[in-house]
Amino acid sequence: MSLRIRGQQGYPLGKATQAVHEAFRYLRQSRLAGEIIDDLESIGQILTIEVGPGLVDRYEHPPVADGSSLIGTVYWDPGFSLDVVDKAPRPGDTGLKTRRPNVPWVKQHKEKRTIWNCCGARAPVDHFGEIDPKVCLMHELGHVLQFLSNPAEFRAFYRNEDGSKRTDSEISMGKQVLEQTNTEAIEQPIILELRDAGCKLGIRWDYYDSAN
């Protein structure tokens, strides 16, 4: 895969290219991340990575199959780190939180916060943490991998068979599936491998356990 790196928001191209390459070097401390990067780089298609301050991290896939070699665009802010909540399971908990592995918490500067405010709700939390911007880039590359593994299925989360756009609620439900799958299959194991390599990183066991 050819990477087409671009600087946005006044970010110089040279600086954008350096940021992506430095992120890849950092991520390759994880075996899984290195394998994914190698796989993506070996595909003869073009991925655009837009880099700049203030960009909202996301992946935009090609909406239709038109035979193009372009496989979409990743937007990445190299200065944005994600605040996350590590909500350990308690007796009687059900659902996603019960799948939390028994791994040690990595103390970070968010540790002093004990109440999670989100979506109008306040809840006690066990730990706060932070996911490095480079891992945020890896999360978006995970979506690229999801798309490449089955483009038709990926597009079906956003559009009906006739090409018409799905309703906002349908798209929201589909994105929950994509995001949680990516979080569990890509983000979590890579963070655990980076921790083993000595990187201090927070972690979330549910995609929505973020605090910003």
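Good morning, colleagues. The model is predicted, so local features are given only at pLDDT of at least 70 and side-chain atom pairs count only at pLDDT 80 or more, whereas totals for chains, interfaces and linings use all residues. Residues are numbered from 1 along each chain as its sequence is written, and side-chain values use heavy atoms, with hydrogens and water left out.

I begin with the overall architecture. The protein contains 5 helices and 8 strands; helices (H or I, at least four residues) and strands (E, at least two) are DSSP runs, numbered from the N terminus. Along the sequence, the elements are arranged as β-α-α-β-β-β-β-β-β-β-α-α-α. The protein has 212 residues, and 45% of them count as buried. Here, buried means under 20% relative accessible area, exposed means over 50%, and partly exposed is in between, with a 1.4 Å probe and protein chains only.

I turn now to the largest pocket. A word on the method is needed. On a 1 Å grid over the protein atoms alone, a cavity is a set of points where a 1.4 Å probe fits but cannot get out, while a pocket is an open set with protein on both sides within 12 Å along at least five of seven lines; lining residues have an atom within 4 Å of a point. Grid points are joined across faces, edges and corners, and a volume is the space filled by probe spheres set on the points.

On that basis, the largest pocket holds about 750 Å³ of space. Its lining comprises 29 residues, and those nearest the centre are Asp57, Arg58, Glu140, Glu179 and Tyr207. By class, the lining has 14 nonpolar, 7 polar and 8 charged residues. For this division, Ala, Val, Leu, Ile, Met, Phe, Trp, Tyr, Cys and Pro are nonpolar, Asp, Glu, Lys and Arg are charged, and the others, Gly among them, are polar. Three elements, β3 (58-60), α3 (133-149) and α5 (168-196), each supply at least two residues of this lining.

Which element gives the largest share of the lining? That element is α5, with 7 residues.

Just after α5, Gly198 adopts a positive phi of about 105°.

Gln9 also has a positive phi, of about 55°, although it is not a glycine. Gln9 sits in the loop between β1 (2-7) and α1 (13-27), and it is exposed at 52% relative accessibility.

Next, the cysteines. Cys136 is buried at 8% relative accessibility, and Cys199 is buried with a relative accessible area of 11%. How many disulfides are counted? The count is 0, a disulfide being a pair of cysteine sulfur atoms within 2.5 Å.

Finally, I consider some pairs that are separated along the chain. Ile36 belongs to helix α2 (residues 31-41) and is buried at 4% relative accessibility. Its C-alpha lies 7.9 Å from that of Leu145, 109 residues apart along the chain. Leu82, in strand β5 (residues 82-86), is buried with a relative accessible area of 10%. Leu82 and Gly202 are 120 residues apart in sequence, with 8.9 Å between their C-alpha atoms.

Is Ala65 buried or exposed? Ala65 is exposed, with a relative accessible area of 68%, and is found in the loop between β3 and β4 (70-76). From Ala65 to Arg155 the C-alpha distance is 9.4 Å, at 90 residues apart in sequence. Ala19, in helix α1, is buried at 12% relative accessibility; Ala19 and Gly52 are 33 residues apart in sequence and 9.8 Å apart in space, C-alpha to C-alpha.
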